[in-house]
Amino acid sequence: VVTASGLATASSDVWLGFAVEPLAITVLQPQASFGSRNFSCLAGFQGQLFLLGGSGLNDVWSSPDGILWTRQSTTLFTSPLNFFTCAAVNSTTLLAIGGAPPGTRQGVDQTSGSADGKTWAVLETGQWGTGRSYHGSAVFQGLVWVIAGMSSTQQPLADVWSSGDGVTWSLAVGLASFSPRYFHSCAAWNGALWVVGGVSASTALLADVWQSTDGSTWNSAVSAAAFGARFAQITVGYASRL
């Protein structure tokens, strides 16, 4: 499991964790060449790690090992966006999904994609019915899923969408069983999609965990997890653990 850059303070370090007891953390690169940033997005694609944007930047970097990084593009979006998600679909397209211009919460209704991480184009606009930022994404059953987030009118959402190519999106459920939220985390693990924590419509922090095997029907796994209420975390399914 690899993580790059951070939230509270912009950084450029890269860490590697192994799923053993206790969790072993190793610094792979204390000062990566992509420079300090936060709110970036990290995805595995075609045998490499790709780091997209962050801190209002519009670039794309890749690495075969988390140590050496190469800049692939400076035109990720037409203009920079924050609070987007990224995912690889069917090993053919790397997607950058939604997001909001720096300094705003007015998300865009847009998906951009690239076949190589170098050349990017807008694949679709206007399919979700609202702009979206602070949402969650995961790859599950060969589809990319977009879950909840904040609308362009700054309203928390509880809808779920899926796509097999980033071009055509299908609504799985307009109002899921979990409460509307943003700044949550999502993962695909153990045959299900998972939604963890986030911020509610009343701006309260959440500590609940939800799961779905089809993206439409959602069931509560725990209403108040032991880790406590939080937002902007990352959830990863690895080996036998979430």
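## Basis of the model

The model is predicted: local features need pLDDT of at least 70, side-chain atom pairs count only at pLDDT 80 or more, and totals for chains, interfaces and linings use all residues. Residues are numbered from 1 along each chain as its sequence is written, and side-chain values use heavy atoms, with hydrogens and water left out.

## Cysteines

The structure holds one disulfide (a pair of cysteine sulfur atoms within 2.5 Å). Cys 41 and Cys 86 form it, with their sulfur atoms 2.1 Å apart. The pair links distant parts of the chain: Cys 41 sits in strand β4 and Cys 86 in strand β8 (residues 85-89), 45 residues apart. Strands here are DSSP runs (E, at least two residues), numbered from the N terminus. The link is left-handed, with -100° about the S-S bond. Cys 41 and Cys 86 are both buried (under 20% relative accessible area, with a 1.4 Å probe and protein chains only).

Cys 186 counts as buried because its relative accessibility is 10%.

## The β4-β7 sheet

Four strands form an open sheet in the order β4-β5-β6-β7, with antiparallel pairing. Two strands pair if DSSP finds at least two bridges between them. The edge strands are β4 (41-45) and β7 (70-73), and each pairs on one side only. Neighbouring strands of this sheet are turned by 30° against each other on average, direction ignored. For that angle, axes are lines fitted to C-alpha atoms, and angles run from 0 to 180 degrees between N-to-C directions.

Inside the sheet, five bridges join β5 (residues 48-54) to β6 (residues 57-63). Leu 52 has Val 60 as its bridge partner in β6.

## Nonpolar cores

A nonpolar core is a set of buried Ala, Val, Leu, Ile, Met, Phe, Trp, Tyr and Cys residues joined through side-chain atoms within 4.5 Å. The largest has 16 residues; Leu 52 and Trp 120 are among those with the most contacts inside it. β4, β5, β8 and β9 (93-97) each supply at least two residues of this core. β4 gives the most, with three residues.

Trp 120 is in contact (heavy atoms within 4.5 Å) with residues including Leu 52, Val 60, Leu 76, Leu 94 and Ala 96, leaving aside neighbours within four places in sequence. Apart from this core lies another, of 15 residues, among them Phe 140, Ile 147, Val 160 and Val 173.

## The β18-β19 hairpin

β18 and β19 form a hairpin with two residues between them. Asn 190 in the turn has a positive phi of about 55°. Five bridges join β18 to β19 (residues 192-200), and the two run antiparallel. Ala 188 has Leu 193 as its bridge partner in β19. β18 (residues 185-189) is mostly covered: four of its five residues are buried.

## Asp 208

Asp 208 lies in strand β20 (residues 205-212). Is this residue buried or exposed? Asp 208 counts as buried because its relative accessibility is 10%. The side chain of Asp 208 makes a polar contact with the side chain of Trp 210 (2.8 Å). A polar contact is a pair of N or O atoms within 3.5 Å; within protein, one must be able to donate a hydrogen and the other to accept it, and residues adjacent in sequence count only if both atoms are side-chain atoms. Beyond four places in sequence, Asp 208 touches Arg 181, Val 195, Val 196, Gly 197, Val 222 and Ser 223.

Conventions:
Buried means under 20% relative accessible area, exposed over 50%, partly exposed in between (1.4 Å probe, protein chains only).
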